[in-house]
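Student: I would like to learn how to read a helix in a protein model. Could we go through one together?

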Amino acid sequence: MKQADKSPGVPEADLPLTPAVFNILMSLADGEKHGYAIMLEVEEATEGRVRMGPGTLYGSLDRMVKAGHITESDRRPAAGEDDQRRRYYRLTPRGRDVLQAEASRLARAVGLARAKKILAPA
């Protein structure tokens, strides 16, 4: 099996992602959100199986900004619809590439588990 290129320009260099990072990237895949909205969406999308506390969420967001996966947005909702303390985040092109690479990696793992009859066919 060919090993992934670990150079910084290759999305696979950032894999595997932690469940928190993967779920945050998934939440941001359809548009920018503030931290609390991300936390709620992850909990809803995972049917309550993943619950991130503020420390996990904001620590992950900080590391993801530093890694270039997400960026803080300058755009703000209309006055009266926003709390100025909120920080909004969006995927970068690198973040989208890393998310796609991780989703592909996980899909291959699920395919292998099905082939070995560990998981039932979809």
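This is a predicted model: local features need pLDDT of at least 70, side-chain atom pairs count only at pLDDT 80 or more; totals for chains, interfaces and linings use all residues.

Student: How many helices and strands does the protein have, and in what order do the elements run?

Tutor: The protein has 4 helices and 3 strands, and, read from the N terminus, these elements follow the order α-β-α-α-β-β-α. Of the 122 residues in the protein, 31% are buried.

Student: Which residues of helix H2 are buried?

Tutor: Helix H2 spans residues 35-45, and its buried residues are Gly35, Ile38, Met39 and Val42.

Student: Why do the buried residues of H2 line one face of the helix?

Tutor: The general idea is that an α-helix has 3.6 residues a turn, so residues three or four places apart point the same way. In this structure, the buried residues of H2 fall within an arc of 100° when seen down the helix axis, so they line one face.

Student: What do the buried residues of H2 pack against?

Tutor: Their partners are helix H1 (19-28), strand S1 (33-34), helix H3 (54-67) and strand S3 (88-91). After H2 comes Glu47, which has a positive phi, near 50°.

Student: What is the mean pLDDT of the protein, and where is the pLDDT below 50?

Tutor: The mean pLDDT is 90, and 88% of the residues reach 70 or more. Over residues 1-6, however, the pLDDT is below 50, and this stretch has 7 contacts in the model beyond near neighbours in sequence.

Methods:
Residues are numbered from 1 along each chain as its sequence is written. Side-chain values use heavy atoms; hydrogens and water are left out. Helices (H or I, at least four residues) and strands (E, at least two) are DSSP runs, numbered from the N terminus. Buried means under 20% relative accessible area, exposed over 50%, partly exposed in between (1.4 Å probe, protein chains only). The arc is that of the directions from the helix axis to the C-beta atoms. Contact means heavy atoms within 4.5 Å. pLDDT is the predictor's confidence in each residue, from 0 to 100.
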